[in-house]
Every structure is written in structure tokens, then in C-alpha cells.
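Q: Here is a model to go through by its criteria. What makes each label hold?

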Amino acid sequence: MTLHTAIVNAEEDKISLEKAKEFIISKKNGAESIFIGRVRNENSGKRVTAVTYDAHDQAVIKSFQSICADAKTKFNKSSSIFLEHAKGYIPVGEISILIAVSSGHRDEAFKICRYILEEIKHKSPIWKKEHYTEGNEEWLPGHSLRPKEEIK
Amino acid sequence: MKIKLKLYGSSKMLSDKEILSIELPNNSNIETLRKVLSKIISKKYLKKNLQNLCKTSAFFSEDDEVINDNYKLKNKELISIIPPIGGG
């Protein structure tokens, strides 16, 4: 198996870097690229304490599998990909997304990692609500999936 | 007719429930649903935060496909509202 995708519910589990490393390791692949996204403590001048991620689980998994399959076709069919995204309340400093890729060579490994991240932002139904030090919270704007011809 | 609307992202400000039951005229489509939702939003304090929700959201059918404004809704159908996304 060379592909693992999951939504990790914060109430049940945490995203594990060790699990990702174990999954992608292969004697055929000489390059590994790992991207870790963490919740940061500031956004647009506001002090952030945590982010709540919401997700349409079923559609997210479908989109993850499709994006990863495209990445393999585009860059390297023999690559191994581990992709997990958090759901629920994630405090500052904790992992929100982890993409780990092993591939024959470094160039493909970097490209696959970057490709997956950018595609997720435009295709996977995931939402962020930031929580601030003042006690208020805000859903962040994003990319509309409504067919473009319908938006007047 | 009635449909069930599953809420995601910022649309969760519409209700504490995960699924809203919405009354619509018979033979309604997604365009009608947008108008009805717009009225619900305009009546509430939510207007400021959700004024663009109806315009910018997509809707998913039960098999997770984007459905367009002409899509005819069925009585008791479960639809998901998909506000602009932004994971990662």
C-alpha cells in the first residue's frame, strides 16, 4: 500500500509524525519530503489561541484520494504518500496537517508535497474557525466551490 | 415540501443543530433554497457575518457532488451547504 489518507478527530487521536515516517519508508525511494502545518499564534494582527477545523469527512477523503492519485500520475507513480488533516479543536503549536512523501528522487518528493497542499486548499471541504485571546472567534474566508458561471 | 440541510463551516452560525429542516415550496430547486436561506439570514443578527453565505456557498447532494442552481430538490432530501473552503 502506497497511499494513506485520513481525517483525525482531535477528540480521539493526534496526527503522528512517527506513523507517517514508518508508512513512507521504502528501499526503492531515496528521497523523503515531509510538510507539517501547525496552528500559529497570530493571524492578521490577531492573537490566536486555537483553531477549530470542521470537515465534510466523506468528501474530504474522496478529494484527498483524488489529489494524491493525480500527484502520483503527474510526478511519480511509485511514490508513497501519507496525508492526514486534523478535525476539531487544535491549540496553538499542534499539528493541523501532515503530508509525507517518499519518492525516487528529491525533485518529485518536493513537488508532490507542494502540489497536494495547494490542491487541498482549493478542493477539500475543510473550514477553519480561529479562537482569539480576547475570547472571540471567527470563521475564516476561503475558496468558493460554487460553479463560477453561477456567481454574478 | 421539506428538506434537511447539513451545516458546515460558517453556516453553523445559523443554528446550534447540525441539520436544519427547511420548508420550501413544492418543486423547489437550489436557487429557491438560496432565496429562502437569504430570508432566514436577513431576519437574524447573522446578517453581518453571513451576508455572502448564500452567494458564495456550493451545495452537495447526498453522494457528495456539487449540484447546480437548477437541481430539483426532493421532499426530505438531505443536502449539505458548503461555504468557501480553506483547509491546510
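Q: How is the crossing of H2(A) and H3(A) handed, left or right?
A: The model is a predicted one. In it, the crossing of H2(A) and H3(A) is right-handed. The helices are residues 57-75 and 106-123 of chain A. Their axes come within 10 Å and cross at roughly 145 degrees.

Q: What makes H2(A) and H3(A) count as meeting, and which residues of H2(A) and H3(A) take part?
A: Contact means heavy atoms within 4.5 Å. From H2(A) the residues that meet H3(A) are A:Ser63, A:Phe64, A:Ile67, A:Cys68, A:Asp70, A:Ala71, A:Lys74 and A:Phe75. From H3(A) they are A:Glu108, A:Lys111, A:Ile112, A:Tyr115, A:Ile116, A:Glu119, A:Ile120 and A:Lys123. By class, this contact has nine nonpolar, one polar and six charged residues.

Q: Why is the pair A:Asp54 and B:Lys12 called a salt bridge?
A: The cut-off is 4 Å between a side-chain nitrogen of Lys or Arg and a carboxyl oxygen of Asp or Glu. The closest N and O atoms of A:Asp54 and B:Lys12 are 3.2 Å apart. That is within the cut-off, so the pair is a salt bridge. Side chains of opposite charge can pair when their charged atoms come close. Between chain B and chain A the count is four salt bridges.

Q: Why does the pair A:Glu94 and A:Lys14 count as a salt bridge?
A: The N to O distance is 3.5 Å. The limit is 4 Å, so this pair qualifies too. The pair links distant parts of the chain, 80 residues apart. A:Glu94 lies in the loop between strands S5 and S6 of chain A, and A:Lys14 in the loop between strand S1 and helix H1. Over all chains, the search finds 16 salt bridges.

Q: How many residues does each chain bring to the contact of chain B and chain A, and what area is buried?
A: Chain B gives 25 residues and chain A gives 30. The buried area is about 2300 Å², with 56% from carbon and sulfur atoms. In chain B, B:Asp64, B:Ile85 and B:Gly88 lose the most area to chain A, together 30% of what that side buries.

How values were computed: Residues are numbered from 1 along each chain as its sequence is written. Chains are lettered from A and ligands numbered from 1 in the order in which they are written. This is a predicted model: local features need pLDDT of at least 70, side-chain atom pairs count only at pLDDT 80 or more; totals for chains, interfaces and linings use all residues. Side-chain values use heavy atoms; hydrogens and water are left out. Axes are lines fitted to C-alpha atoms, for helices over the stretch in contact, and angles run from 0 to 180 degrees between N-to-C directions. Helices (H or I, at least four residues) and strands (E, at least two) are DSSP runs, numbered from the N terminus. A crossing is left-handed if the near helix is turned anticlockwise from the far one by less than a right angle, and right-handed if clockwise. Ala, Val, Leu, Ile, Met, Phe, Trp, Tyr, Cys and Pro count as nonpolar, Asp, Glu, Lys and Arg as charged, and the others, Gly among them, as polar. Buried area is the accessible area (1.4 Å probe) that two parts lose on being put together, summed over both.
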